[in-house]
Amino acid sequence: MTQELNLAAATLSFLSLKGIGPKKTNKILSAISNQDIGYDRLLELVKINNKTIDEHEWVSAWSKSQQILNKQIEVGIRFVTPMDSNYPPLLNELSDRPPILFYKGNIAILNKPLTIAIVGTRRSSPEHIDTFKKICTTYANKSDCIDSGL
């Protein structure tokens with residue numbers, strides 16, 4: 001497994017554990033950015049409420065994360081973490097940056113000066129959909145890139 005894939009698997013593993021959210025995941029990733037990140041080493045570094053994670057729980061989370069990433073790779077979905085050089089610099093400036101991004105296509109387009117991201121819900125009301133259409137129409141010709149979920 002490559003270092004990049006290890007890092008992404010670790011990120012997803014952290015996020016799947018009760019008591020570890022994006023903020024703590026980013027803190028852990030920053031602390032280990034220059035270390036070997038095999039799951040044994042990560043198990044030593046990660047604690048929830050000052051208790052080490054149960055090894056069985058960690059191995060299960062690690063295995064599921066690897067399966068998810070391999071499926072994503074098979075269908076052409078890539079991933080990037082804040083430790084990767086191609087992680088969008090503007091997102092890297094956020095204190096609550098996303099610990100992992102999944103994307104299809106050219107991630108470099110997120111570095112364009114006028115990029116707009118749209119975050120929504122699966123249960124949008126007709127009013128929300130109408131507003132969304134107006135926003136997209138307004139900004140489609142003004143921005144370099146409009147991002148939306150996969």
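A residue is called buried when its relative accessible area is under 20%, exposed when that area is over 50%, and partly exposed in between, with a 1.4 Å probe and protein chains only. The model is predicted: local features need pLDDT of at least 70, side-chain atom pairs count only at pLDDT 80 or more, and totals for chains, interfaces and linings use all residues. Residues are numbered from 1 along each chain as its sequence is written, and side-chain values use heavy atoms, with hydrogens and water left out.

The chain contains six helices and six strands; helices (H or I, at least four residues) and strands (E, at least two) are DSSP runs, numbered from the N terminus. Read from the N terminus, the order of elements is α-α-α-β-β-α-β-α-β-β-α-β. Of the 150 residues in the chain, 32% are buried.

Confidence is expressed as pLDDT, the predictor's confidence in each residue, from 0 to 100. Its mean over the chain is 79, and 76% of the residues reach 70 or more.

In the interior, a nonpolar core is a set of buried Ala, Val, Leu, Ile, Met, Phe, Trp, Tyr and Cys residues joined through side-chain atoms within 4.5 Å. The largest such core has 19 residues, and those with the most contacts inside it are Phe14, Leu17, Trp58, Leu69 and Phe79. Two or more residues each come from helix 1 (3-16), helix 2 (22-32) and helix 4 (55-74), and helix 1 gives the largest share, seven residues. A second, separate core of five residues includes Tyr87, Leu101, Tyr103 and Ile107. In soluble globular proteins, nonpolar side chains tend to be buried together.

Which aromatic residues form one cluster? They are Phe14, Trp58 and Trp62. Rings of Phe, Tyr and Trp (its six-membered ring) pair if their centres lie within 6.5 Å; planes under 30 degrees apart count as stacked, over 60 as edge-to-face and the rest as tilted. A search of the whole structure finds two such pairs. The ring centres of Phe14 and Trp58 are 5.3 Å apart and their planes lie at 35°, so this pair is tilted. It links distant parts of the chain, as Phe14 belongs to helix 1 and Trp58 to helix 4, 44 residues apart. Trp58 and Trp62 form a tilted pair, with 6.0 Å centre to centre and 40° between the planes. Because Trp58 and Trp62 are four residues apart in helix 4, about one helical turn separates them. Phe14 and Trp58 are both buried; Trp58 has 0% relative accessibility, and Trp62 is buried at 6%.

Finally, Thr81 lies in the loop between strand 3 (78-80) and helix 5 (89-92). Thr81 counts as buried because its relative accessible area is 1%. Contact means heavy atoms within 4.5 Å; not counting residues up to four places away in sequence, Thr81 touches Leu7, Ala8, Thr11, Tyr87, Pro99 and Ile100.
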